[in-house]
Structures are given as structure tokens and as C-alpha cells.
Amino acid sequence: MQTVLLVEGNSDRIAIESLARRRGQDLDGVRVVSLGGVTNASKAIAEFGPAGANLRLAGLCDIGEERYFRGALERAGIVAGPGRADLEELGFFVCVRDLEDELIRSLEVEGTERVLEREGDLAAFRVFQNQPFHRGRAPEQQLHRFFGTIGGRKARYAEALTAGVELERAPGPLVGVLDFVT
């Protein structure tokens, strides 16, 4: 049976595929589909789920978008209990805050800065940190915002950050959804 793994955006797809390669997990039979935004979850679940192609479904979303996934699943007749564990039993995992936050937490500030240095962006990050608006913020907040300031940066760093994290410290939602689909 084919599995469709629904993710919010391209950076999520890249991170999932990168971590799967690093963990030696074969994604044959798993199609990772970027929704281009969580508001497309209902359409995708209808297309691939029980009312459509009737494929096995899984998903990864940010905490702020969990309600969209829940609603889309319920409209498709797939009802999860009220807790996060109930969603996970169905194969849908939630990043606390978002993917970047999960990766920054796994790498910690120093590890994330090492990735920035390898990618040639540490100097740009230091300039960013010294901007008045960002000076008083925690380094984790500064890093999170830095990844979202230029279009394409989140996707570019999805692989670099995933490659930099120690496998035993890989973010739980990514590990969970990969274990579910493989």
C-alpha cells in the first residue's frame, strides 16, 4: 500500500527526506507531498484519503496549524481523539512551534551557529542580531526569525540543519512521522 505523507511546505519535505536518508530509512512507497500551505490539507486528504485514492495517510504540521489538520481529517471521516497522542496514532505529528524551532532546539544555539558558519551566513546573522529590534531577544528567537527573513532560506536550511543534528537528538515529530511511514 502506498502512503502519502502530507507536509505544510517545501522545507518540511526537504527535512523529512534528508532525515530519512541519514537514518537509512527507505521512503519507497511513501510519497511526501508539500501542501503549499496547511489550508490545502482538506483538499489533499479528500484526494488521497478514504473518499479519494484510499491511500494510507500521515502528516507533519506546526502547532499553529494542528487545528487545520484535525478539521480536514474529521471532514474526511477520520476522527482523532482530543490529544496529540491521538493524532500521532493516526500518523499525524505536530512540531512545537514549527520545523525551524524543532531543529534549533535539537542543535542548540551553538550547533545552529556552526551550520550557519558552514553555509557562509554567520556574518549575516551577526549583523541581524545587532539590529535594534533583535538585540534584546534570546538567541533562539533571533535564529528562528533569521531563517524566515529571506524567501527560500527555510528550504535551503532545512537540509543543512537536518544534516547537522545528531541522529539521537533529531526532532521527535520528524522521527515519529518517519517511523510511522516506514
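## A buried pair

F69 and F92 are both buried, a term for under 20% relative accessible area, with exposed meaning over 50% and partly exposed the range in between (1.4 Å probe, protein chains only). The two form a tilted aromatic pair, with 5.6 Å from centre to centre and 55° between the planes. Rings of Phe, Tyr and Trp (its six-membered ring) pair if their centres lie within 6.5 Å; planes under 30 degrees apart are stacked, over 60 edge-to-face, and the rest tilted.

F69 belongs to helix 3 (residues 66-75) and F92 to strand 4 (residues 92-95), so their pairing ties together parts 23 residues apart in sequence. Helices (H or I, at least four residues) and strands (E, at least two) are DSSP runs, numbered from the N terminus.

This is a predicted model: local features need pLDDT of at least 70 and side-chain atom pairs pLDDT 80 or more, while totals for chains, interfaces and linings use all residues. Residues are numbered from 1 along each chain as its sequence is written, and side-chain values use heavy atoms, leaving out hydrogens and water.

## Pairs and a cluster

The structure holds 6 aromatic pairs. In one of them, the ring centres of F128 and F146 are 5.5 Å apart with planes at 70°, so this pair is edge-to-face. Both F128 and F146 are buried. They also share one aromatic cluster with F125, F147 and Y157.

## Charges over rings

The charged end of R153 sits over the ring of F146, 3.8 Å from its centre. Likewise, the charged end of R56 sits over the ring of F180, 4.4 Å from its centre. This wording requires NZ of Lys or CZ of Arg within 6 Å of the ring centre and within 35 degrees of the ring normal.
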